[in-house]
Amino acid sequence: MSNSQTPTAFTPSDFSAVQMRETAKSSDRAPPTHFDAVIIGAGFAGMYMLHSLRDKLGMSARVLEAGNGVGGTWYWNRYPGARCDTPSYIYCYTFDRNLLQEWEWSERYPEQDEILRYLEHCADRFDLKPDIDFGKRVNSTVFDETTNRWTVRTEQGDAYTARYVIAATGCLTAGNMPKIKGIDTFKGRSYHTSRWPHSGVDFTAKRVAVIGTGATGVQAVPIIAQQAKQLTVFQRTPAYCVPARNGKVDPEVTKARHANYDQVIDNIRKSFFGFELSFMPKSVLEATQEEREREFDRMWDQGGFEFWLGNYNDMFFDKRANDIVSDYVRGKIRSTVNDPVVAEKLIPSYAYGTKRQPLDTNYYETFNKRNVLLVDAKTDGPIEEITEKGIRAGGKEYEFDIIVYATGFDAMTGALKALDIKGRGGRSLTQLWEDGPAAYLGVTIAGFPNLFMITGPQSPSAFSNVPVSIEQHVEWITECIAHMRRNHLTTIEPTEQAQEDWGKHVIDLVSMTLVPNTDSWYMGANIPGKAHKFLAYIGPEGVGGYRRHCDEVSAKGYEGFEFASQGQGGTARTMAAE
Ligand code: NA7
């Protein structure tokens with residue numbers, strides 16, 4: 001792969017063109033090519049989907065991938081400090097016990113390049129690459145009701161037809177480049193963390209701005225601050241960070257986990273969020289102050305998501321309980337940041353845990369460095385415009401050589417909308433989802449036959465350890481397609497009623513928590529104009545309960561779905577059971 005094909009610095013309004021440079025290859029229109037299934041995306045999800053359909057069901061399948069390599073998220077997000085916040089031993093495939101035994105992770109939280117090496121290894125091990133077309137960005141996905149086939153087209157001019165389309169496009173794929181006045185006028189270099197140059201960026205002796213303090217900004221800021229002459233962090237909403245406490249994995253621990261992987265897998269599959277964590281079976285309001293402090297300190301010292309997903313069981317539900325947890329983290333920020341004025345700017349006011357928990361390594365400490373400045377939208381004034389020389393905020397112009405946009409994603413729906421999906425009667429998914437997504441079980445959509453989403457909206461997806469949810473969806477979809485093939489069924493789609501009921505269930509459940517009260521990407525609130533609607537699923541028993549529910553749906557002959565079979569006499573539509 002030549003550097004000319006990799007993302008580079010760019011004019012921000014040219015963001016989509018940057019994504020395109022990655023894929024700019026042949027533009028000749030090729031004749032349609034037919035497969036049983038087209039899978040879009042070659043990350044964790046697309047790779048396992050290909051392996052399942054091709055090697056378990058013997059189907060012809062083709063993966064279309066915009067990048068020039070496998071890895072999805074881990075192919076694109078190469079910014080300084082990029083690493084997974086899930087412990088490595090459970091951020092991997094579990095479907096192949098030999099693969100689990102073969103691979104040894106070096107750190108508690110794997111770095112981007114280690115995950116990418118792992119996925120490369122998996123692609124080679126399962127011989128996936130011959131069935132992946134790289135450098136193909138899908139821009140049209142249309143269902144033909146006369147043939148019951150999908151036609152999938154790419155920006156490169158290719159056309160594929162398939163009985164099934166599986167969108168393995170990821171939850172956090174479509175980068176959010178904010179529409180800030182003057183954004184193209186900046187004469188220095190601009191980068192978005194989700195499209196980082198493969199050759200890296202040298203910050204030495206540079207004046208650098210980072211816009212955004214979500215999980216990405218929190219990882220990047222301490223690393224950039226080590227190199228840059230001057231780093232200015234533009235914060236719109238402060239984050240509650242918990243220490244990652246990353247480190248090398250003790251070989252004895254790895255050995256013990258390898259000896260016990262069946263139990264680990266069982267634990268994560270049945271768990272609430274796909275981790276070996278569960279809430280404490282107690283209200284924080286019932287605990288004595290001494291007991292709380294002891295538990296909070298224990299989780300804080302342990303590091304990682306336990307403080308978020310293994311805390312007292314009323315933290316997500318009761319504002320008074322949440323206040324106690326929030327105050328503990330606020331206290332930690334105050335005691336870490338030397339300048340009390342800066343510390344107050346870094347302290348969030350919303351309920352702890354209702355935005356994605358960033359894990360940090362020296363994030364708050366970085367604001368004690370002399371070369372680091374925090375510009376807070378609330379107290380110093382919001383960003384007004386990007387100028388030729390830098391950024392104007394709160395009436396003051398700050399000058400930079402480099403601006404890094406750590407401004408996140410059009411989460412959950414952005415990548416799906418980019419496929420320009422049209423179902424029965426030419427119905428556009430983008431239009432249908434104007435008021436927010438609707439998807440039965442988060443896997444399928446009424447009026448879009450044989451279209452499946454892996455970790456789609458209204459499934460646990462980004463509110464879980466994603467590989468666990470990916471494997472569950474891939475296995476459920478594989479079994480569903482196997483069922484159709486055994487029963488000579490041509491199409492499957494959910495009924496409008498089932499979809500509506502599921503959507504109501506999703507909203508009813510999340511409404512019991514504090515999550516909808518906070519503006520976050522979980523709620524679609526980070527993108528101007530996007531509908532405010534919860535985009536994931538938090539069930540009464542989480543990932544484990546959701547898995548059981550999906551299995552019950554299939555065991556009841558795919559309850560809520562409608563099948564059609566195409567015989568000689570035309571199409572018969574049934575609520576089929578095996
Ligand atoms: P996030 O979590 O969406 O964070 C993006 C950050 O950028 C956040 O602090 C935003 O503030 C800020 N932002 C976004 N637009 C603007 C504008 N226009 N002006 C100023 N600041 C802005 O994305 P990440 O990449 O950090 O993390 C995404 C996920 O990737 C993460 O949760 C993990 O699951 C992996 P806001 O909070 O919206 O006020």
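Within strand E14, Ile391 is the bridge partner of Ile386. The model is predicted, so that local features need pLDDT of at least 70 and side-chain atom pairs count only at pLDDT 80 or more, whereas totals for chains, interfaces and linings use all residues. Residues are numbered from 1 along each chain as its sequence is written, and side-chain values use heavy atoms, with hydrogens and water left out.

Strand E14 (residues 390-393) runs antiparallel to E13 and is joined to it by three bridges, and a hairpin of three residues links E13 to E14. Strands are DSSP runs (E, at least two residues) and helices are likewise DSSP runs (H or I, at least four residues), numbered from the N terminus; two strands pair if DSSP finds at least two bridges between them. The order E13-E14-E15 describes an open sheet of three strands with antiparallel pairing. Because E13 (383-386) and E15 (396-399) stand at the edges with a single partner strand each, one side of each is left without a neighbour in the sheet. From one strand to the next the twist averages 25°, where axes are lines fitted to C-alpha atoms and angles run from 0 to 180 degrees between N-to-C directions.

The ligand has 18 residues around it, of which Thr216, Arg236, Thr237, Lys355 and Arg356 come nearest; a residue is near a molecule if one of its heavy atoms lies within 4 Å of it. The shell comprises seven nonpolar, eight polar and three charged residues, with Ala, Val, Leu, Ile, Met, Phe, Trp, Tyr, Cys and Pro counted as nonpolar, Asp, Glu, Lys and Arg as charged, and the others, Gly among them, as polar.

| Residue | Polar atom | Distance to a ligand oxygen |
|---|---|---|
| Thr213 | backbone | 2.9 Å |
| Ala406 | backbone | 3.3 Å |
| Trp521 | side chain | 3.2 Å |

Tyr109 has its place in the loop between helix H4 (97-102) and helix H5 (112-125). Tyr109 counts as buried because its relative accessibility is 2%, buried meaning under 20% relative accessible area (1.4 Å probe, protein chains only). Although Tyr109 and Gln219 are 110 residues apart along the chain, their C-alpha atoms are separated by 12 Å.

Conventions:
Polar contact = N/O pair within 3.5 Å; in protein donor to acceptor, adjacent residues only side chain to side chain. Buried < 20%, exposed > 50% of the residue type's maximum accessible area, 1.4 Å probe, protein only.
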